[in-house]
Amino acid sequence: MKLQEIKGHHQLLSLLVALVFAVTLYPSKAQAQIVGDMEANIPFQFHAGNVKLPAGRYFIHVLDNTDLTVMEISSADGTTTALFDVQSAQANSAPAKSELIFDKYGNRYFLAKLFDEGNPSGSQVLESRYEKRISQAAAEGQEHVPAHHRGQQGN
């Protein structure tokens, strides 16, 4: 090896070590930022992950022992439950009210994001294969649905 190649490898190795050190010092934020159970009345049929759910009242929470990456949505009457994968999301500003945000393609709604009142850190639902197919074929819109924590009165 030439001296210049050795120096190049040494610089690359030094950069890699510095990068690993920086990632260790500044770990990424937790995946889901929603705390406790949220409750929402969803006035339309929608998809959460790979499951289609009817309009109605739902409870949503982070599933225990999932490293904050899986959430569960259950109908208030207990007849319907779905699990869906999430990652962290950031709002442009802290929302005034807790809310669920749905992506809308034609007449199909897909749960997309969840935010707690006053907290710009929330959860983003990972897009299902079905949503990817639908989104390529239709124009997108969004629908916001107010939510609140269980036990609190909705405003």
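**Burial and core**

Reply: Of the 155 residues in the protein chain, 35% count as buried, meaning under 20% relative accessible area with a 1.4 Å probe and protein chains only; exposed is over 50%, and partly exposed is in between.

Me: What should I know about the source?
Reply: This is a predicted model: local features need pLDDT of at least 70, side-chain atom pairs count only at pLDDT 80 or more, and totals for chains, interfaces and linings use all residues. Residues are numbered from 1 along each chain as its sequence is written, and side-chain values use heavy atoms, without hydrogens and water.

Me: How many helices and strands does the protein chain have?
Reply: Two helices and 11 strands. Both are DSSP runs numbered from the N terminus: helices are H or I with at least four residues, strands E with at least two.

Me: Which residues have the most contacts inside the largest nonpolar core?
Reply: Ile42, Phe46, Ile73, Phe84, Leu100, Phe102 and Leu114, in a core of 24 residues. Such a core is a set of buried Ala, Val, Leu, Ile, Met, Phe, Trp, Tyr and Cys residues joined through side-chain atoms within 4.5 Å.

Me: New topic. Where does leucine 63 lie?
Reply: In the loop between strand 4 and strand 5.

Me: Why does leucine 63 count as partly exposed?
Reply: Because its relative accessibility is 23%.

Me: What is leucine 63 in contact with, leaving aside neighbours within four places in sequence?
Reply: Val70, Met71, Glu72 and Leu83. Contact means heavy atoms within 4.5 Å.

Me: How far apart are the C-alpha atoms of leucine 63 and leucine 83?
Reply: They are separated by 8.4 Å, with the residues 20 apart along the chain.
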